[in-house]
Amino acid sequence: MINRRTFVVAAATLIAAPRFALAQGAVRKARIAYLSANPVRPGDFRSQGFLQGLRELGYSEGKDVIIEHFNAPTVGDLRRFAARAVASAPDIIVAVSTMAAIAAKEQTTKIPIVFFAVSAPVAAGIVTSLSLPGGNITGVSLMSTDLAGKRLQLLRDLVPDLSRVAVFHIPDNTASPRRLAAIQAAGAMLSIAVRPVSARSPEELESGFAEIAAEGMQAVIMVGSFVYTNNVGRIAELALQYRLPTIGGLSQYSAAGVFVSYGPRLTDNFRRAAYYVDRILKGTRPEDLPVEQPTVFDFVINLKTARALGITVPPILLIQATEFIE
Amino acid sequence: MTEAAAEEVASKPARAPRGRLFRRYALWFALLIAGALLVSGAIEVYFSYQEHKQALVRIQQEKAAGAAALVSQFIKEIEAQVGWSLHSAFVPGEAGAEQRRLDFIRLLRQVPAVTELSYLDGDGREQLRVSRLSIDMEGSQADLSQEPKFVQARESGLYLSPVYFHKESEPHLTMALAGAGRSPGVTAAEVNLKFIWDLVSQMQVGEAGRAYLVDADDRLIAHPDISLVLRKIDLSDLPHVRAARAAAIMGVPVAAGQELTRDPEGREVLSAHASIASLGWIVFVDLPVNEAFGPVIASLERTAAIVLLGIAFAVVIGLALGRRMTGPIRLLREGAARIGAAT
């Protein structure tokens with residue numbers, strides 16, 4: 001027979017139990033390993049965009065999610081740092097750039113990997129296809145190879161009688177040969193001679209610009225790379241010095257003084273990566289998350305540089321611009 | 001009966017009634033009341049369930065119709081914009097070509113969903129192509145006179161292609177409009193349907209409900225979870241999709257009883273739909289059953305609680321009334337027995 005005392009004890013236990021269970025089941029902090037290689041650095045605009053995306057989804061760094069940075073000093077060190085990232089047993093690895101994504105993929109087939117700031121994931125062999133990435137890796141693409149021809153065409157519309165264009169690229173980047181090929185194909189279609197110039201450092205950029213100016217090149221295309229993005233100021237100065245209209249792939253270029261830039265809206269790309277992290281942390285498998293491509297593109301014209309170069313931008317291009325820098 | 005026996009009977013206190021008679025009466029009272037409660041409760045719950053379900057389906061149908069209208073509007077607006085760009089055909093020569101190029105570029109700027117615009121002249125030769133991603137082409141003279149976009153646009157004024165997946169992952173469609181006049185040119189636009197995803201994913205359907213869109217081949221083209229769309233999932237084997245498609249083809253509403261089904265994510269849902277006739281697309285609005293029938297289940301629980309209480313009450317009443325009724329009867333019986341024994 002249940003006596004009063006037993007009943008009170010039982011009731012008290014029942015009431016206390018759920019609270020106790022809740023405390024035990026409190027959400028464990030998610031651990032993210034952020035893998036990158038110099039010149040991509042933790043704290044740069046890419047990681048800031050990514051963090052902003054996480055914040056918008058309700059994650060607070062330190063409280064809900066812990067981010068550990070694995071920043072390799074050079075691309076060659078990526079393999080070691082990727083191994084370290086995997087050894088730290090994170091919940092997710094976030095790989096910034098093509099090389100980091102490839103390095104991470106080599107080290108693990110179990111830990112989910114989310115990539116961003118990658119121009120062509122299928123061509124680089126990171127995923128088997130955009131809609132079915134396969135395996136443990138997925139992310140957002142920049143589709144840069146596809147835009148190569150468009151950038152050349154925009155230059156042609158801006159620079160009267162364009163027939164000789166120099167293309168700066170870093171040969172060691174896996175994406176470079178493809179993008180160069182795309183530009184050369186576009187050049188053939190538009191009857192513009194394309195002259196590739198390899199430049200791996202600010203010094204090589206300087207000598208490169210001097211060389212092409214002497215050869216009588218009329219305009220310059222910068223094939224996107226982290227080295228160039230980190231040296232946009234210098235590139236803008238050189239372009240102005242040698243009076244060469246230049247086009248870059250990110251709006252950072254125009255903000256720093258490069259004549260024009262055409263490319264996907266980057267902030268969307270970085271913030272979207274946070275959405276992938278969110279989905280995977282909530283249980284979706286990476287192979288069920290297709291790789292997304294950008295839908296919004298920014299065409300930025302630096303009017304100050306235009307005036308300095310003595311170029312009048314025709315109205316039909318002014319209409320197309322999404323942003324002007326004065 | 002002798003006076004003594006009657007006094008004896010009268011003076012005997014009415015003992016706590018036990019025995020078959022009492023039990024039988026108590027039982028009958030309890031059964032009667034409980035039975036009435038149960039029957040009324042069951043009828044109530046059944047009708048409440050049906051009415052609730054009908055009301056929900058009606059609400060969802062309206063939501064679906066609303067979504068269908070939004071999608072239809074989205075496509076029509078692009079049609080209107082493309083239609084305006086056809087007017088440059090009336091400006092002759094070089095000026096006309098310049099005007100057209102300006103119109104196309106403005107359109108691309110204003111309508112992010114359009115990724116490419118091209119103009120085919122009266123003979124089906126491409127004269128201008130303006131693209132967000134590829135190189136613009138002027139005067140390529142490519143012969144596209146056999147393409148469906150040219151042929152069908154000339155035939156009926158407007159052509160909307162089946163949904164195709166660009167680079168295997170992005171849903172697009174081609175829209176083509178023919179100008180006015182004897183041998184008009186045709187403007188074709190490539191439309192990225194990811195923008196319809198925006199429209200559809202922002203629809204609020206209860207807490208966990210979903211609105212989604214399938215094309216004429218029953219492939220998913222818009223869903224709040226875009227990853228399902230990018231995987232080009234074929235929904236034609238889901239029963240409610242089949243039923244909706246059949247109904248849409250015949251132009252009749254779906255027969256009742258099709259509403260409870262499984263959605264593309266595998267959950268049990270209550271589903272309603274609306275079709276967009278001009279495109280052959282269908283919008284579905286699903287609500288998970290536990291959310292949909294939450295109120296009904298709550299009402300069921302309430303009714304069950306009331307019925308149980310009622311039964312308990314009925315038992316108590318049965319006991320009380322039984323005692324009241326059987327007490328005097330028993331006394332009478334005993335009295336009669338004594339009388340019988342005394343004589």
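Guide: Helices (H or I, at least four residues) and strands (E, at least two) are here DSSP runs, numbered from the N terminus. In these terms the residue to begin with, Ile183(A), is found in helix H6 of chain A, which covers residues 176-190. The model is a predicted one, in which local features need pLDDT of at least 70 and side-chain atom pairs count only at pLDDT 80 or more, while totals for chains, interfaces and linings use all residues. Residues are numbered from 1 along each chain as its sequence is written, chains are lettered from A and ligands numbered from 1 in the order in which they are written, and side-chain values use heavy atoms, with hydrogens and water left out.

With a relative accessible area of 2%, Ile183(A) is buried, where buried means under 20% relative accessible area, exposed over 50%, and partly exposed in between (1.4 Å probe, protein chains only). Leaving aside residues up to four places away in sequence, Ile183(A) touches Ala148(A), Leu152(A), Val167(A), Val194(A), Ile221(A) and Val223(A), a contact being heavy atoms within 4.5 Å. Arg271(A), by comparison, is 88 residues from Ile183(A) in sequence and 29 Å from it in space, C-alpha to C-alpha.

Around this residue stands the whole of chain A, which has 13 helices and 12 strands and whose C-alpha trace spans about 105 × 40 × 35 Å along its principal axes. Of its 326 residues, 53% count as buried, and among the contacts in chain A with a separation of 6 or more, 70% come from residues 24 or more positions apart.

From here we can turn to where chain A meets chain B. The contact takes 30 residues from chain A and 26 from chain B. The size of an interface is often given as the accessible area lost when the parts come together. For these two chains the buried area, which is the accessible area (1.4 Å probe) that two parts lose on being put together, summed over both, is about 2500 Å², with 59% of it on carbon and sulfur atoms. On the chain B side, Arg109(B), Leu133(B) and Ile135(B) lose the most area to chain A, together 25% of what that side buries.

Across this interface there are 2 salt bridges, a salt bridge being a side-chain nitrogen of Lys or Arg within 4 Å of a carboxyl oxygen of Asp or Glu. In one of them, the side chains of Asp136(B) and Lys150(A) meet at 2.7 Å, N to O; Asp136(B) lies in the loop between strand S2 (126-131) and strand S3 (137-138) of chain B, and Lys150(A) in helix H5 (residues 144-158) of chain A. Both of these residues are buried.

Over all chains the count comes to 26 salt bridges. Within chain A, the side chains of Arg307(A) and Glu326(A) meet at 3.7 Å, N to O; Arg307(A) lies in helix H12 (residues 303-309) and Glu326(A) in the segment after strand S12 (323-325), so the pair ties together parts that are 19 residues apart in sequence. Both Arg307(A) and Glu326(A) are exposed.
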